[in-house]
Amino acid sequence: MKLSDIEFRAMDSWWRRWGQENFEVPLFQRMGLELRDKDVLEIGCGNGYGAYLLNQRSPRSYIGLDVMEEQVEKARQRYPQYEFLVQDATNLHQFADGSKDVVVIFGVLHHIPEWRKVIDEVKRILKPNGSFFVEEPRGMDLKLFDFFFRWGHPDSDFGVNRMEEYLKSRSFKSSNKQWTPLMTMIHVQKNLAELS
Ligand SMILES: C[S@@+](CC[C@H](N)C(=O)[O-])C[C@H]1O[C@@H](n2cnc3c(N)ncnc32)[C@H](O)[C@@H]1O
């Protein structure tokens, strides 16, 4: 779903970039994020700052996608050296089964009422043993946040506990989980035995 104007602006603030660079990416790295020579997809790439940070880690290939044209336009203007697509993450038909080593999400599933479809697609496109790094706010925190700050997140049954249950039901192996004051960060891997 498209962001509200207030969230669109907030996602392009210095403090968002500071948090992503100094806190979120380093924490993912401590949780095992290793991108050298890997095929990487970032879902909900926003204005492209995540692309910049992830591409410092020498992936073999990187694609960032986002459903909002305005976001992808910004990303393309700022980082013309990277590849970005306007694409709804609930349908990733252009990516073949088992074609990605790593999928990364910085705070996106809570914007997608059909978030389970995204997880199904992530599972399909990951190689066996491929890694999925996802950070999301907890459902209750999100409701409180919207109550006070009116960012207008969509009505959804999304919650971190539900996401973890769903990942387990889709046979992802849990590798690591970190709790931070605002977000929960999770690293899971596709089961080695599974082809799609
Ligand atoms: C909270 S922003 C996070 C942006 C960026 N990852 C960051 O951390 O700054 C959520 C992003 O998810 C994108 N998004 C929402 N629904 C989407 C969907 N169905 N498919 C792809 N991207 C989506 C939004 O357009 C927005 O850029």
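Analyst: A pocket is an open set of points on a 1 Å grid over the protein atoms alone, where a 1.4 Å probe fits and protein lies on both sides within 12 Å along at least five of seven lines; residues with an atom within 4 Å of a point line it. This is a predicted model, in which local features need pLDDT of at least 70, side-chain atom pairs count only at pLDDT 80 or more, and totals for chains, interfaces and linings use all residues. Residues are numbered from 1 along each chain as its sequence is written, and side-chain values use heavy atoms, with hydrogens and water left out.

User: How much space lies in the second largest pocket?

Analyst: About 180 Å³ lies there, a volume being the space filled by probe spheres set on points joined across faces, edges and corners. Among the residues lining this second pocket are N161, E164, F172 and V188.

User: Which element gives the most to the lining of the second largest pocket?

Analyst: Helix α7, a DSSP run (H or I, at least four residues), gives the most, with five residues.

User: What lines the largest pocket, and which residues lie nearest its centre?

Analyst: The largest pocket, with about 1100 Å³ of space, has 49 lining residues, and E7, M11, G107, H110 and M183 are those nearest its centre. The largest share of that lining, eight residues, comes from α2.

User: Which polar backbone atom is 3.0 Å from a nitrogen atom of the ligand?

Analyst: That backbone atom belongs to F106, while an oxygen atom of the ligand is 3.0 Å from an N or O atom in the side chain of Q71.

Methods
Polar contact = N/O pair within 3.5 Å; in protein donor to acceptor, adjacent residues only side chain to side chain. Helix = DSSP H or I, 4+ residues; strand = E, 2+ residues; numbered from the N terminus.
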